[in-house]
Amino acid sequence: MTDFPALITGGGDLAAFLKTNKGAVDAALEDAGALLFRGFDVPDPIAFDAAVEGYGEAGFTYEDSLSNAVRTNVTPRVFTANEAPPSTEIFLHHEMAQTPLYPSKLFFYCEVAEMTGGATPLCRSDRVAERLAEVAPDFLARLEAEGVRYTNVMPGDDDAGSGQGRSWRSTLSVATSEEAETRLMELGYSWAWLEDGSLRVTTAALPAVRALRDGRRSFFNQLIAAFRGWSDSRNDPNKAITFGEGEPITAEDMAPAIALADELTVDCEWQAGDVALVDNFTVMHGRRPFQGKRRVLASLVA
Ligand code: FE2
């Protein structure tokens, strides 16, 4: 598939290009699910911030999100994509689909690409859902009917050594355990405090299959990342996901979805100055492990 992500080459100021061509860009995004802007003049995070501003939609901030990843703001609109170590693979996911609050689109910007590995795998979840309906119809139907619940353990303080290391204080934007419990009640989560000050939370049943505007379905969830990747000193991936009614989702359940997603994945190989725009409802993303210097920044659209 050479049309994915769809390549848009040009030169000059990307902010001006996005502002002038917003309609055409959105139509291309609707069609392809992911766009790669290459050859434009985007030398630094300030220029990337301006490009996102030029696109002109409201932002979705890291502070407001319930993301598990440790991140750092670079400009008000731009933050580091994930502070997890280079050797850690970030598996395919829809951004923040493990929470009730998720962005509709994501911008990525490659500032430094002096690495081996480090591609951003992209996978069309509408195609995953379509194929899953053929090979595992009962699993897909059950996900659609029940939704899914995610369980994870958040440390008391940020742990940058983990892809899931964001503290409960930061994740929930609270200072005390009392405030945390109020927030969790608002979200419909259940929870347990652990002896070391960390917090285990289980979400309400969240959608795992999303109806797209034209009637297609999308495998819109965080199941693959949770099942393959939520592993650290606090988290056991085998306990991370259940169907909405509480029964575990097993390795056997996940196998066809993982195989299809791997088959349908295309690696976005970065060059410095590249900007990608990803429809978060139709396309999953991740991060390949890498060696060397890689800096990819992100900005989220509400
Ligand atoms: Fe992500």
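Residues are numbered from 1 along each chain as its sequence is written, and side-chain values use heavy atoms, with hydrogens and water left out. Because the model is predicted, local features need pLDDT of at least 70 and side-chain atom pairs count only at pLDDT 80 or more, while totals for chains, interfaces and linings use all residues.

**Exercise 1.** Find which residues coordinate the iron ion and where H93 and H285 lie in the chain.

Step 1. Donors are N, O and S atoms within 2.8 Å of the metal (3.2 Å for Na, K and Ca); water is not among the atoms, so sites may look incomplete. The iron ion has H93 (NE2), E95 (OE) and H285 (NE2) as its coordinating residues, at 2.1 to 2.2 Å.

Step 2. Along the sequence, these donor residues follow the spacing H-x1-E-x189-H. H93 belongs to strand β5 (residues 90–93) and H285 to strand β16 (residues 283–287), so the pair, 192 residues apart, links distant parts of the chain. Strands here are DSSP runs (E, at least two residues) and helices are DSSP runs of H or I (at least four), numbered from the N terminus.

Step 3. Buried means under 20% relative accessible area, exposed over 50%, and partly exposed in between (1.4 Å probe, protein chains only). H93, at 8%, therefore counts as buried, and so does H285, at 4%.

**Exercise 2.** Work out how strand β2 is covered and which strands pair with it.

Step 1. In β2 (residues 34–38), five of five residues are buried. A34, L36 and R38 are on one side, with L35 and F37 on the other.

Step 2. In a regular strand the side chains alternate between the two faces of the sheet.

Step 3. Two strands pair if DSSP finds at least two bridges between them. β2 runs parallel to β1 (residues 6–9), joined by four bridges, and L7 stands opposite L36. With β15 (residues 275–279), β2 pairs in the antiparallel sense over four bridges; here A34 faces V278.
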